[in-house]
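Subject: Model handover

Hi,

Here is the model you wanted to look through.

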Amino acid sequence: MENTSLRAIDAIQEAQKIAFAPFVFQATVSLRKLGVFSLIFDRRKKGGITLEELSRELSVSTYGLGVLLEIAESSDIVNKNDLGNFELTTTGYFLNYNETVNVNINFTNEVCYKGLFHLNDAIKTGKPEGLKELGSWNTIYEGLSQLTPEIKKSWFEFDHHYSDAVFNEAQQIVFRNHPKTIFDIGGNTGKFAISSCKYNEDVSIKIIDLPGQLNVALANAKKEGFENRVSGYEIDWLKDDPMIPTGADTIWMCQFLDCFSEDEILKILTTCVKSMTDETELLIMETFTDRQRFDNAKFILEATSLYFTVMANGNSKMYPAEVLLRLIDEAGLVLKEDIGVGEYHTILVCKKK
């Protein structure tokens, strides 16, 4: 709800925070990389640490550390105690030690930061105009296997962070009807396929993905000894009239459909329907913007939508559940179950009409 009663002096302060938000962000990234937060936290039981001590121990000038710590203090990331020593605030602690915050900072800095400068162009053209900061591809998915190691690491850590934690709970749903053949659409690095092979010794998985990603996934499956149970099928969903094989007991999509526009999602779902029998289950796991218990989770998803706009493909987003439910119906599917899993996710269980 809009806060229309905010005092003008407070409102201008919030406006100035937004105006200089990139400065605060990059100062935070620098303080993390230099080890300043960690050293301050290590000295918490000794009454904090002085600027001079930080400079000496980190071999960084007092000038450089000083300008970083000044903006951090104004942003309530660090504070000075009565002795004049620096301490971490609770916000500063989370910026350095919270796993979700860590993943989000690295993703923002390594994958998105330079590209976000082109957001306005992306809004106007409907294309991921910021992607040129990483490489010359039409979508980021074409180039995932070609990203630099640091950028690739940040991208996959972000992607996996929001799905890995619920794999076990999700697999209980996936395997409750004892499927023998699963199509894993958008299988990424093969994590779900490998995990499923470990979960159930009888299942076979066919990963359906772009060639670059598929090669990585199949290589990872082979390393785990599952090359006889994990196969691949190359596809580009953006081509006209894509087709997938028949024969799946279960079709699984994890955080996949948010990578496409509504028209593209409808095409994907319609293609799946053509390959399904009356017994085939289609399971869609997503994080819906309108099903989050906490405002910060909704905020993260809405920020991720801007990543899709400027970096990934130019036309997709994190959707509210009502959009997927409508597209499921339009594709010729019927929703059989709607199941909440973990803190953020929903699994939609569908069958042919």
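Let's start with a helix. At 1.5 Å a residue, the 14 residues of helix α14 (residues 262–275) should span 20 Å, and the end C-alpha atoms of α14 do sit 20 Å apart, so the two agree. The expected span here is 1.5 Å times one less than the number of residues in the helix. Helices (H or I, at least four residues) and strands (E, at least two) are DSSP runs, numbered from the N terminus.

Before you go further, the ground rules: this is a predicted model, local features need pLDDT of at least 70, side-chain atom pairs count only at pLDDT 80 or more, and totals for chains, interfaces and linings use all residues. Residues are numbered from 1 along each chain as its sequence is written, and side-chain values use heavy atoms, with hydrogens and water left out.

**The chain overall**

The chain has 16 helices and nine strands. Its C-alpha atoms fill a box of roughly 70 × 50 × 40 Å along the principal axes. Of the 353 residues, 48% are buried, where buried means under 20% relative accessible area, exposed means over 50%, and partly exposed is in between (1.4 Å probe, protein chains only). Taking contacts (heavy atoms within 4.5 Å) with a separation of 6 or more, 67% are between residues 24 or more positions apart.

**Around α14 and β7**

Back to α14: its buried residues are E264, I265, I268, L269, T271, C272, V273 and S275. An α-helix has 3.6 residues a turn, so residues three or four places apart point the same way. The cover over the buried residues of α14 includes strands β3 (181–185), β6 (250–254), β7 (281–286), β8 (333–341) and β9 (345–352), as well as helix α16 (321–330).

T271 is a residue of α14 to click on. It counts as buried because its relative accessibility is 7%. Leaving aside neighbours within four places in sequence, T271 is in contact with W237, P242, M243 and I244. T271 and P245 are 26 residues apart in sequence, with their C-alpha atoms 9.9 Å apart.

How many of the six residues of β7 are buried? Six of the six are, so β7 is largely enclosed by the rest of the structure. Both faces are covered, with E281, L283 and M285 buried on one side and L282, I284 and E286 buried on the other. β7 runs parallel to β6, joined by five bridges, and C254 stands opposite M285 in β7. From β6 the chain crosses through α14 to β7, and this β-α-β crossover is right-handed, i.e. with the strands pointing away from the viewer, the path from the first strand over the helix to the second runs clockwise. β7 also pairs with β9, antiparallel, over five bridges; there the partner of M285 is I347. Pairing takes at least two DSSP bridges between two strands.

**Pocket and cavity**

On a 1 Å grid over the protein atoms alone, a cavity is a set of points where a 1.4 Å probe fits but cannot get out, while a pocket is an open set with protein on both sides within 12 Å along at least five of seven lines; lining residues have an atom within 4 Å of a point. Points are joined across faces, edges and corners, and a volume is the space filled by probe spheres set on them.

The largest pocket holds about 2000 Å³. It is lined by 43 residues, with A21, F25, L95, T108 and F299 nearest its centre. Helices α1 (8–19), α2 (21–34), α5 (62–74), α6 (90–97), α7 (99–112) and α15 (295–312) each supply at least two lining residues, and α15 gives the largest share, eight residues.

There is one cavity of 30 Å³ or more. The largest cavity is about 40 Å³, lined by Y162, T287, Q292, A297, I300, L301 and Y344.

D241 is in the loop between β5 (230–234) and β6, and counts as exposed because its relative accessibility is 68%. Q255 is in the loop between β6 and α14, and is buried at 13%.

Cheers
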